[in-house]
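Hi,

Here is the structure I said I would pass on. Have a look at it first, and my notes follow below.

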Amino acid sequence: MVRLSGGEALAKSLVGEGVEVVFGIPGIQTYGIVSGIRDEPDIRMITTRHEQATTYMADGYARASGKPGVALVVPGVGLYNAASGLANAYARSTPVLLIAGQIPRRAIGRNRGAVHEIADQAGAVRSVTKWQGQAFRPSEVPDAVQEAFRQLRTGRPRPVLLEIPPEAGVEREEVELQSPAHAPRIVPDREALQEAAGVIARSRLPLIYAGGGVARSDAEAALVSLAEATNIPVITSSGGKGVISDSHPLSYGSCFSPRGERQEMNQLYEVMQSADVAIGIGARFSLGFPASQGATLVNINIDDTQLAVHHPNTIPLHGDAGETIRALLPLLIQEGAGDRPSPAEAVRAARNLIAYYDIRLKEPQYPALEAIRRGVPEDAFVVWDVTQFGYYARTHWQVNHPKTYIDSGYSFNLGYAFPTALGVKVARPDRPVVCMTGDGGFMFNSSEISTAVRYGISVVVVVFNNDSYGNVARDLTEAFGGAYETYLHNPDFVKFAESFGAVGMRADGLMDLERLIPLALERQGPVIIEVPFGEMSAPPAPQFAPLYNLPWTMPQEGLIES
């Protein structure tokens, strides 16, 4: 036992869990916490310019480091502002701890108008957090932190909330610090593994469908070992991009929708439909079950609610992706799955077909992405915002290193990419980090240039500028007869960057990025590259086919009852 304030107990508990940085904004209900972090030498705080950036940066930090990210905000409006980052982390299954202040203990629930008061603060973010906890006095802080990290490290990783009222941050009492949260890895029972191994070994055309759970489990190497030892090819979801290199001879690529209408996507659809056994690993199957209804699904997932909901003929394997692969592989070898001939030629033919049709496209997205790919180092982290290029990248951006492709998942948070990229760079200062955003999204959090300059966070930000919310303008024009209130008044982005002390550059066009990105990466500190371009048609990726059958462009049969 040691006598500590709640803020000191929190800082020491975070350090005990391996936390090195907290992204936050000091505020009146968090003074005790902030002073505790200030006086703890093994942890630091990075102050943002808006609460929204705290959770985005924590998300980026977690995805790049493999460790939980931590954010700190005041209660009420601070929590509301940070909630968009929680939604993003929830969508991408990212372990983020949000520490939120509270109003004084005696005022909670009394609706007296305390500063930053909102009723049922935890309830405000319950739908985008896995767990909500409170520590109302210093002695409760270590146990609450330990439980928060147990929640972050077990099961499906998702954000958690810890509330601490102001008195608990400054009061002092005897505190018992706890050991780090123990997080055993779940492995399915041997009988289930044996059944799955037999089905896979007897299959004619098995296929692995790998999702983001592989990355969250740090199981990329295990996945590659599984594919190579059994000669089973891999398709990844968009969240799984990078869990196997796109240049690997057994990798088809990622994010192929079963509704694809382009010829090369239909080719891959046929590949998926021909599989008699699909091995899902850490995937939600958000685009639908990839194989035929007659196939068997061997579903490996840490989230037991996702095991048997996608396909009637399922062998559920509830477990951590990495540990389950490692337990399953010896059984597969025993069953003779290692004797399967290599499908590398078929995979190469399918990928060549994709490249052939892409090169023939007249849309500017493909050549622009190729120019960017040539300018970005292969091991760089690339964070894609909700932009016209970002949509296209979900299918076409080639990823050869784990965890280096980062997007917002189904949350589609416009403006999240810049602060998320800053968090990535804080986690991995040794690696290049490039943010791809549009003028609309960038301005959501453009004030974080100040944060980047202050802390020397050397991120390169590419701002595609067409002075509009381009996706919305295009859709309104093509589907509703004309755009409305989608055009924007922007600053001169070069001068804007320079006004903060960052470096500003302006590209001569999309293809100029091949030249400018390497130059920007050589600079110390943040660099903003403005790329002016005009109107652009919808990317012909399968998730947009057919565009005008989507529910936000036309009424859907059955939605309106007579």
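Let me start with burial: 60% of the 562 residues in the protein chain are buried, meaning under 20% relative accessible area with a 1.4 Å probe and protein chains only, while exposed is over 50% and partly exposed lies in between.

Before you go further, this is a predicted model, where local features need pLDDT of at least 70, side-chain atom pairs count only at pLDDT 80 or more, and totals for chains, interfaces and linings use all residues. Residues are numbered from 1 along each chain as its sequence is written, and side-chain values use heavy atoms, with hydrogens and water left out.

On the overall build, the protein chain has 21 helices and 20 strands (DSSP runs numbered from the N terminus: H or I of at least four residues for helices, E of at least two for strands). Its C-alpha trace spans about 65 × 60 × 60 Å along the principal axes. Of the contacts (heavy atoms within 4.5 Å) with a separation of 6 or more, 73% are between residues 24 or more positions apart.

You'll find S468 in the loop between β18 (460–465) and α19 (470–480). Is S468 buried or exposed? S468 counts as buried, because its relative accessibility is 5%. Setting aside neighbours within four places in sequence, S468 is in contact with D439, G440, T486, Y487 and L488.

Cheers
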